[in-house]
Amino acid sequence: MGIVVEKICKKFGNFQAVQDVNLEVKSGCLVALLGPSGSGKSTLLRLIAGLEIPDSGKIILTGKDATYQSVQDRNIGFVFQHYALFKHLTVRENIAFGLEIRNLPRKKIKGRVEELLELVQLTGLGDRYPSQLSGGQRQRVALARALAVEPKVLLLDEPFGALDAKVRKDLRAWLRRLHDEVHVTTVFVTHDQEEAMEVADEIVVMNKGKVEQVGTPAEIYDHPASAFVMSFIGPVNVLPSSAKIFQSSGFDSANPEIFLRPQDILVERVANGTTTPALIRRVIHLGWEIQVELALDDGQTMTAHLTREKFDELKLEPQERVFVKPKDAKSFPLDYSI
């Protein structure tokens with residue numbers, strides 16, 4: 001058993017940050033808490049860490065009730081977005097800090113620090129100070145320091161949020177490889193959908209203090225439980241169910257809105273009886289795929305994503321007429337949380 005959260009609630013004044021959250025993180029899993037600002041994901045992480053005390057509910061860590069345990073007694077590693085490294089200590093000294101306050105033998109500390117320097121790919125940089133490192137290197141030092149005490153649970157709060165896009169992408173792949181080596185139960189907070197999809201075994205989608213859905217990246221993307229989840233995870237077109245494209249294709253829904261992924265729009269040169277005419281407003285080259293902005297005859301607009309191969313086959317240009325059809329679409333009852 002890794003982490004179990006039972007009916008956790010937390011208020012700050014009149015603001016309900018977390019409300020009746022139930023969650024189970026299996027031992028050894030890497031789980032992402034994903035949601036917009038104010039969704040409660042960071043508060044939930046801090047409750048698990050013991051940095052906040054719940055108003056009600058229970059937190060169980062590795063089989064033991066930790067609801068009111070101190071941070072020190074929970075045996076967790078915590079990594080902050082802005083590293084929180086000691087500027088006056090070297091990389092080695094930062095990593096060793098948690099071991100030294102536990103009064104472990106010097107020889108054991110030295111061996112563990114060297115092992116971690118190799119694990120986080122910072123061998124040879126142990127004598128440098130944080131100011132002499134790049135942002136990505138500092139974040140790896142923070143992870144090494146958190147792992148030094150061999151925590152049963154590792155918690156990361158927006159670990160790559162302060163880094164530029166290229167470094168962030170490299171560190172995401174590195175964190176996944178690191179987790180596959182150490183297998184410590186890990187929960188990380190992010191508002192970046194791509195980051196969650198790329199790194200996590202499971203994603204917990206949060207909104208307004210509640211859990212909207214828990215599942216693998218494929219489950220969350222392919223089978224969203226609500227309009228909010230579908231709108232938040234990946235690009236989507238939201239059209240009224242009365243739009244002509246759905247009437248022509250035979251897609252019927254009693255709900256007022258229909259959600260259509262850009263890659264689930266079929267674009268053709270010739271009408272076939274189930275397609276709807278559209279005008280190409282703009283073509284955007286995104287590298288491995290092409291984004292086509294379309295205007296339908298009934299005034300609706302939407303975006304389609306085509307593979308480069310399909311785009312080259314069709315030879316599309318702005319201001320041309322094409323014919324479109326939904327390959328897949330979803331509808332949900334009205335969701336006032338969006």
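Strand β3 (residues 30–34) pairs with β8 in the parallel sense over 5 bridges; two strands count as paired if DSSP finds at least two bridges between them. Opposite Thr190 of β8 stands Leu34. Strand β7 (residues 153–157) also runs parallel to β8, and 5 bridges join the two. Here Leu154 has Thr186 of β8 as its bridge partner. Helices (H or I, at least four residues) and strands (E, at least two) are DSSP runs, numbered from the N terminus.

The model is predicted: local features need pLDDT of at least 70, side-chain atom pairs count only at pLDDT 80 or more, and totals for chains, interfaces and linings use all residues. Residues are numbered from 1 along each chain as its sequence is written, and side-chain values use heavy atoms, with hydrogens and water left out.

Strand β8 (residues 185–190) is mostly covered, with 6 of its 6 residues buried. Buried means under 20% relative accessible area, exposed means over 50%, and partly exposed lies in between (1.4 Å probe, protein chains only). Thr185, Val187 and Val189 point one way from β8, while Thr186, Phe188 and Thr190 point the other way; all are buried.

Helix α2 (residues 91–100) has Val91, Asn94, Ile95, Ala96, Gly98 and Leu99 as its buried residues. The cover over these residues includes α3 (106–119) and α4 (135–148), where contact means heavy atoms within 4.5 Å.

The structure holds 4 aromatic pairs. Rings of Phe, Tyr and Trp (its six-membered ring) pair if their centres lie within 6.5 Å; planes under 30 degrees apart count as stacked, over 60 as edge-to-face and the rest as tilted. Two of the pairs are listed here.

| Pair | Geometry | Centre to centre | Angle between planes |
|---|---|---|---|
| Phe228 and Phe232 | stacked | 5.6 Å | 10 degrees |
| Phe259 and Phe332 | edge-to-face | 5.5 Å | 75 degrees |

Phe228 and Phe232 both belong to helix α8 (residues 227–232), where they lie 4 residues apart, about one turn of the helix. Both Phe228 and Phe232 are buried. The pair of Phe259 and Phe332 is edge-to-face and links distant parts of the chain: Phe259 is in strand β12 (residues 257–260) and Phe332 in the segment after β18 (330–331), 73 residues apart. Phe259 counts as buried because its relative accessibility is 2%. Phe332, at 10% relative accessibility, also counts as buried.

Charged side chains also lie over aromatic rings. A charge sits over a ring if NZ of Lys or CZ of Arg is within 6 Å of the ring centre and within 35 degrees of the ring normal. Arg140 lies over the face of Trp174, at 5.9 Å from the ring centre. Arg261 lies over the face of Tyr221, and its distance from the ring centre is 4.2 Å.

Backbone angles come last. Most residues other than glycine have a negative phi, and most peptide bonds are trans. Thr62, which is not a glycine, has a positive phi of about 45 degrees. Thr62 is found in the loop between β4 (56–61) and β5 (64–65), and with a relative accessible area of 30% this residue is partly exposed. Lys315, likewise a residue other than glycine, has a positive phi near 55 degrees. The loop between α10 (308–314) and β17 (321–326) holds Lys315, which counts as exposed because its relative accessibility is 60%.
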